[in-house]
Amino acid sequence: MRTPRIAILATATIAALLLAACGADGSATSGTAARDDGTTTIDVVMTDMAFTPTAVQLSAGDTVRFRFRNDGQAIHEAVIGDVTFQEEHAAEMAAMGSANAPMNHTANGEVGPLVVQPGETGELIYTATSAGSLLIGCHQPGHWEFGMKATIEVV
Ligand SMILES: [Cu+2]
């Protein structure tokens, strides 16, 4: 009798996931909260073309880690800000005709854009400074217009 050979890939897979999660921070974070510091993590799944969950509630003063996993086929991004900020960014992206338009305003505590490749995970640290309504938006070409957004209610 032959014994089947079993390829063990789990370790390599986990290492790849960790690398993906650690490598996507870049300039996307507004804070410098350390890992495993007790910061609440909110998992958000990106698909073509939606965020899940579509609504998140925070309390003013909360600092949370949004962990975005792209389960779609397309590149997606996450930008957190109020509706005015989102519309401005959408207009900028349209004017630039580019998926990589820089963001020129950071006055209201917005964070992003975080760009997440298909199959990868990235994180944004966000502090909700005051009560109000915010949005998570994806501004890859056509995605915002398609409705790729989620709401954040800060109470
Ligand atoms: Cu998108």
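In which helix is M93 found? In this predicted model, in which local features require pLDDT of at least 70 and side-chain atom pairs count only at pLDDT 80 or more, totals for chains, interfaces and linings use all residues. Residues are numbered from 1 along each chain as its sequence is written, and side-chain values use heavy atoms, with hydrogens and water left out.

M93 is found in helix α2, where helices (H or I, at least four residues) and strands (E, at least two) are DSSP runs numbered from the N terminus. M93 counts as buried because its relative accessibility is 8%; buried denotes under 20% relative accessible area, exposed over 50%, and partly exposed in between (1.4 Å probe, protein chains only). Between the C-alpha atoms of M93 and H139 the distance is 7.1 Å, although 46 residues separate them in sequence.

Helix α2, which spans residues 83-96, also holds Q86. At 0% relative accessibility, Q86 is likewise classed as buried. Its side chain reaches the backbone oxygen of G81 at 3.5 Å. Beyond its neighbours within four places in sequence, Q86 is in contact (heavy atoms within 4.5 Å) with V79, I80, G81, L135, I136, G137, H139 and W144.

The copper ion has as its protein donors H76 (ND1), C138 (SG), H143 (ND1) and M148 (SD), at 2.0 to 2.5 Å. Donors are N, O and S atoms within 2.8 Å of the metal (3.2 Å for Na, K and Ca); water is not among the atoms, so sites may look incomplete. The arrangement is tetrahedral because the four donor atoms subtend angles of 91 to 134° around the copper ion, the criterion for four donors being that all angles lie between 85 and 135 degrees. Along the chain, the donors follow the spacing H-x61-C-x4-H-x4-M.

An open sheet of mixed pairing is formed by four strands in the order β2-β1-β4-β7; two strands pair if DSSP finds at least two bridges between them. The edge strands, each pairing on one side only, are β2 (50-52) and β7 (121-127). Strand β4 (residues 63-70) pairs with β7 in the antiparallel sense over seven bridges, and G122 in β7 is the bridge partner of F68.

Definitions and conventions: Polar contact = N/O pair within 3.5 Å; in protein donor to acceptor, adjacent residues only side chain to side chain. Tetrahedral: all angles 85-135°; square planar, octahedral: opposite > 155°, others 65-115°.
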